[in-house]
Amino acid sequence: TYTVTLQEKYKGKTKNVGKFKVIIHDTVIQDSLEMYTGEQTELGRLVQYYMGNYVAETDDASDAVLKAVEKDGVYYLEGVSEGEVEVKFYYADANMQKKDYIGSCKVKVTEVKVKDIRAEDTFKTYVGEYGSFDDLFSLITDPEDMPYYGNVEFTSSDDKVIKITEDSFEAVGEGKATLTVKAGDITKKIEVTVVSEDEYYDDEE
């Protein structure tokens with residue numbers, strides 16, 4: 001710990017105008033991290049108080065559990081499958097060649113599975129209406145209430161009635177269509193009826 005004093009010198013006179021402390025820490029590597037399959041976390045989150053460059057590495061076999069992902073010059077760790085991986089950190093020279101060992105972090109990856117999909121059996125809407133799948137389906141996960149980062153697929157049995165657009169849908173024509181959502185090994189279907197806007201609001205009244 002150092003104390004830095006700020007001084008002002010004017011016409012041969014010196015006076016103290018303030019002080020502040022500087023605390024220098026050893027580099028600290030986070031001991032452990034828990035992640036879920038499909039989740040990403042920035043690699044830099046695991047390192048504090050580092051000076052200069054550092055590199056991280058794992059065993060070759062670890063790629064099946066944890067992989068490195070680069071986005072716009074920033075590196076992330078992504079959970080691939082269930083397991084535990086030790087990520088080792090080293091100081092590096094200007095060419096990013098590893099030098100002295102700093103420490104390691106044990107990363108535990110837990111697989112989040114979909115054990116059920118909660119959805120209504122039927123749904124009614126009108127031509128021109130947009131909807132979010134979050135309003136129709138919700139995922140029941142194991143472990144419970146954990147985020148699911150796996151692929152969720154939505155399909156329509158008739159694109160002339162219900163059109164899929166990324167994570168939402170549009171009612172484009174009168175008729176009936178089946179919306180299907182698939183996540184992991186679970187599939188759920190909901191029967192959608194599309195009517196005119198006038199008929200829809202007449203029925204509501």
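A word on pockets before the first selection: on a 1 Å grid over the protein atoms alone, a pocket is an open set of points where a 1.4 Å probe fits, with protein on both sides within 12 Å along at least five of seven lines, and its lining residues have an atom within 4 Å of a point. The model is a predicted one, where local features need pLDDT of at least 70, side-chain atom pairs count only at pLDDT 80 or more, and totals for chains, interfaces and linings use all residues. Residues are numbered from 1 along each chain as its sequence is written, and side-chain values use heavy atoms, with hydrogens and water left out.

**Stop 1: the second largest pocket**

Select Thr37, Glu111, Val112, Lys113, Val114, Tyr148, Tyr149, Gly150, Gly184 and Asp185; together they line the second largest pocket. The space in there comes to about 160 Å³, where a volume is the space filled by probe spheres set on grid points that are joined across faces, edges and corners. Colour the lining by class and you get four nonpolar, three polar and three charged residues. For that colouring, Ala, Val, Leu, Ile, Met, Phe, Trp, Tyr, Cys and Pro count as nonpolar, Asp, Glu, Lys and Arg as charged, and the others, Gly among them, as polar.

**Stop 2: the largest pocket**

Now pick Leu43, Tyr54, Ala56, Ala68 and Tyr75, which lie nearest the centre of the largest pocket, out of 20 lining residues. This pocket holds about 430 Å³ of space. Its lining splits into 12 nonpolar, four polar and four charged residues.

Which strands each supply at least two residues of this lining? Show strand E7 (53–57), strand E8 (66–71) and strand E9 (74–79); strands here are DSSP runs of E, at least two residues long, numbered from the N terminus. E7 gives the largest share, five residues.

**Stop 3: the sheet with E8 and E9**

Zoom in on the E8 and E9 pair, which is antiparallel with six bridges. Two strands count as paired if DSSP finds at least two bridges between them. Click Lys67 and then Glu78, its bridge partner in E9.

**Stop 4**

Next, select strand E4 (residues 32–36). In a regular strand the side chains alternate between the two faces of the sheet. Leu33 and Met35 make up the covered face of E4, while Ser32, Glu34 and Tyr36 sit on the uncovered one. E4 runs parallel to strand E11 (residues 98–110), with five bridges joining them. Met35 has Val109 as its bridge partner in E11.

Stay in E11 and pick Thr110. Is this residue buried or exposed? At 18% relative accessibility, Thr110 is buried (buried means under 20% relative accessible area, exposed over 50%, partly exposed in between, using a 1.4 Å probe and protein chains only). Beyond its neighbours within four places in sequence, Thr110 contacts Met35, Tyr36, Thr37, Glu82 and Pro143, a contact being heavy atoms within 4.5 Å.

**Stop 5: the loop between E15 and E16**

The peptide bond from Asp142 to Pro143 is cis, with omega about 5°. Asp145 is in the loop between E15 and E16 too, and its phi is near 60°, a positive value in a residue other than glycine. Asp145 is exposed, at 69% relative accessible area.

For another positive phi, jump to Tyr49, at about 60° and not a glycine either. Tyr49 is in the loop between strand E6 (47–48) and E7 and is partly exposed at 42%.

**Stop 6: the four-stranded sheet**

Finish with the open sheet ordered E13-E20-E19-E16, which has mixed pairing. Strand E13 (122–126) and strand E16 (152–156) are its edges, each pairing on one side only. The twist averages 25° from one strand to the next. E16 pairs antiparallel with strand E19 (residues 175–183) over five bridges, and Thr155 stands opposite Thr180 in E19.

Notes: Axes are lines fitted to C-alpha atoms, for helices over the stretch in contact, and angles run from 0 to 180 degrees between N-to-C directions.
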